Every structure is written in structure tokens, then in C-alpha cells.
Amino acid sequence: MVKELERAGIPTTHVCTVVPISMTVGANRIVPAVAIPHPLGNPGLDPGDERKARKELVRTALEALAMPVQGQTVLKH
Amino acid sequence: MAGKHRVVHYLNQFFGQIGGEEKANVGPRARPGAVGPATALEAKFDGQAEVVATVICGDGYFNENLDRAQGEVLELISGFAPDLVVVGPAFNAGRYGVACGAVAQAVMDKLGVPVVGGMYTENPGLDLYAPYGYFVRTRESVAGMRQAIENMSRLALKLLDGRDLASPGEEGYHPRGIRKNVFFERRAAARAVEMLVAKLRGQEFATEFPMPHFDRVKPAPPVDDLSRATIALVTSGGIVPRGNPDRIESSSASRYGRYSLDGVDDLTSAGYETAHGGYDPVYANADPDRVLPVDVMRELEREGVIGKVYSYFYSTVGNGTSVANARAFAQDIAEELRNNGVLAVILTST
């Protein structure tokens, strides 16, 4: 899906846990997530900290959207 | 038992009879003898080989700790000094396929014994690890178990006996990207002309050199000014309004849903849930923002970091869903987004 959206000219960040799968799928903007059942959450944190961490992840995803990339790029956060 | 070949079988938590998605986090462990599909495999060996141990690891644990899990599983496997290692079959289960492939890679690199497995042709594990094992072609789901075990056991016995394998097509496994020199009765020019004639006549022919297929997309240009952009949220993690009004399937999805975000500031368990059948839903159901981050996107919208969150989100279930379906969903979605002035997408996957 990420590839088709990018093919249509819409920059798309893939936030996902298993980065190698995202690479084979052909995503160009990849942000590694927390865990498979909660990619943008961490039940081990208290709710305030969890939300803060989620916001940081989303900020990184936004950065990827505003960044020119040449090929498949993985952004660490 | 002397003289019998030693086989170790790798399975995930489900086939290893530890549990479902709620047990996907269990780390690697070994059980003596055959468990689950390994029992069926051993029966097919007809006394010529023995499954000395079954090594089991949760798919979640393996994929979230790829390097570490690969090492840990290898250590367990090598303790049983196998002559051959069997993995899966993983069918079209992506995480299981990746785990099977990674185990195959470690075994082949470090132990130097052959690996036999099974996967459906679209399994991402195959893209990543095809060269490291003889992965037989399987159906998409566990309905293909009997046939898969049959083919895997046949290949395993051939390899254990040191017999030559025929081509991947004839043996029924996925090509490993290895070229082998063979002698033909007839020279290349004659074979090529025959193929050409068959092609011109509209008859079937099998190429001797399939062209590799790379489908990479040039990155889309970036968003100039996020603070003025409308950004959409899309997920393959199955977040839907409670009750799953469009009845999106828990695996092998045939459709996606489009849901309004007007007036929605936060996804709560009262209003939303996941329809996805391929991961433990407890965390997503307790707080769906953990998969589709509406709460912080709204916050960033209020702060002016982004212009606007698009008024709909799109959701499907990525679990075993065919590439063809996923492509079609995204093409529909892309058209709608472009017609509505959406400049960028954040797509989340579980």
C-alpha cells in the first residue's frame, strides 16, 4: 500500500515494527515502531509518557514526509 | 537409533502448541522430539530420519528482536547437532515467514547444513531469505498443510541421502537464485527457436532464464510546508469503529474501510477496536491510538505543526492479505486523497 501511495505521488511514511518487511514491500520512508501489537504505544509506560513517546514517533514520521529522499530511507527517532 | 538422520524442526508459538497471538511474545525454547507438524513430518520419514527436537519461538518475539532471536534459536538448534533443519511451513504468515527465513540463514551460514521449509509465494520471508533454504511452494493458509509436509519431507530425505535435486520447478520449491550448469541434448539456438515458434503460435513454453522482477517506486517529492498540509492516516492494523461495520476480514482482507474523523479527538476503546486477527488485540483495543495515532495528530494540528488531519481515515487488515488486493485498495485511496487535496500519508502497520 505504501508503495502504491508513493507511486501516485503522495509521500507516505511507513511506521512499522518489522523494518525488513517494509524494505521488501518497497516503502521509501520508513520509521521503526515500538512493537507489533502496539506500533505507536508502549503499555509499559504511564499514559502521559506513552503519549509523549507516540508524539515523538509521529514527529519523526512527519519529518520523513518533509524530507527529500533518494531511495529507501529508514529514519531513527 | 544409530544411522538415522537427525532433524530439528523450527515452529512458531501457534504450531508449537504454546498458544495463539497472546503468546506471540514467548522467547525461544526447545522440546525433545517432534511437536505438531513435526510429528506429521517424522511420520513421512518412514524411519529414515528422526526429529530429535522441536525449537519454538513466538513470532512477535522473533520479529521484534530479529538479531538476538536468530542467535538464540541457532544456539538451541546447534545443541542437537542436526543433519538438516526444517522450518515452518509458514504459508502466507509474514512474521512466521521472516522467522523461518532468518533461522534458515543462520543455520546455513553457521552450521552449514541444509534447510527445508515451506511458504506461499507472496510471503515476505521469501523475498528476504529465499537463497538460504529449500522452501516448497505452499497454499496461502494452513489448509495446505498436508501437501506442504508431503513435499517438505520428500525434499528433506533427498537432501539427507545426498541425492541430486532436479530444478526448483520440478521439485516444487521456490528458486534460490542459484545457477547450475547442466548439459542438454540440444543446443541453445535450437531450444531458443523452439520457444520462439511456440510463442508465435500462442503455445506454452518455459523460459530457461526468467527475468528478475524489481518493482521499486521512485520516492515522491516531499511536502514543502507541513504547517499548511492536509495529512491522512491509513493503517493495515485493522482499526475500525466498534462492531466492525464493514465486516473487514480478520485475515486475507478483501476490502478496506473509510471512517470519518470529524469531531474525533482521540480513539477510545468505547468507539474503536481492531479487526486484525494476526496480533494480540489487547493493547490496540485498550487504546486504538497505539495503532492509529489520532490523539497526537490532533495535538500537532492544534499546535500548527501540521495544517490539518484529513477528515477520514482508511483501514484494512494486512494479515495474509494478497498483494493484488493491497495494491487495489491503495490505488483507490490514493485517487480519493489526491482529489481531496491530501498532500501526504502516515501509514501504520502492525
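Angles under 35 degrees count as roughly parallel, over 145 as roughly antiparallel, 65 to 115 as roughly perpendicular and the rest as oblique. This is a predicted model, where local features need pLDDT of at least 70, side-chain atom pairs count only at pLDDT 80 or more, and totals for chains, interfaces and linings use all residues. Residues are numbered from 1 along each chain as its sequence is written, with chains lettered from A and ligands numbered from 1 in the order in which they are written.

**View 1. Helix α3 (residues 47-65) of chain A packs on helix α10 (residues 294-302) of chain B.** Their axes, lines fitted to C-alpha atoms over the stretch in contact, with angles from 0 to 180 degrees between N-to-C directions, sit 9 Å apart at about 70 degrees. That's why α3(A) and α10(B) count as roughly perpendicular.

**View 2. Who touches whom between α3(A) and α10(B).** A:Arg51, A:Arg54, A:Lys55 and A:Val58 meet B:Asp295, B:Val296, B:Met297, B:Glu299 and B:Leu300; contact means C-beta atoms, placed from the backbone, within 7 Å.

**View 3. The chain B side of the contact with chain A.** Chain B puts in 50 residues and chain A 44. On the chain B side, α11(B) gives the most, with 8 residues.

**View 4. Helix α8 (residues 188-200) of chain B.** Just after α8(B), B:Gly202 takes a positive phi of about 75 degrees.

Terms used. Helix = DSSP H or I, 4+ residues; strand = E, 2+ residues; numbered from the N terminus. Expected span 1.5 Å × (residues − 1). Contact = placed C-beta atoms within 7 Å.
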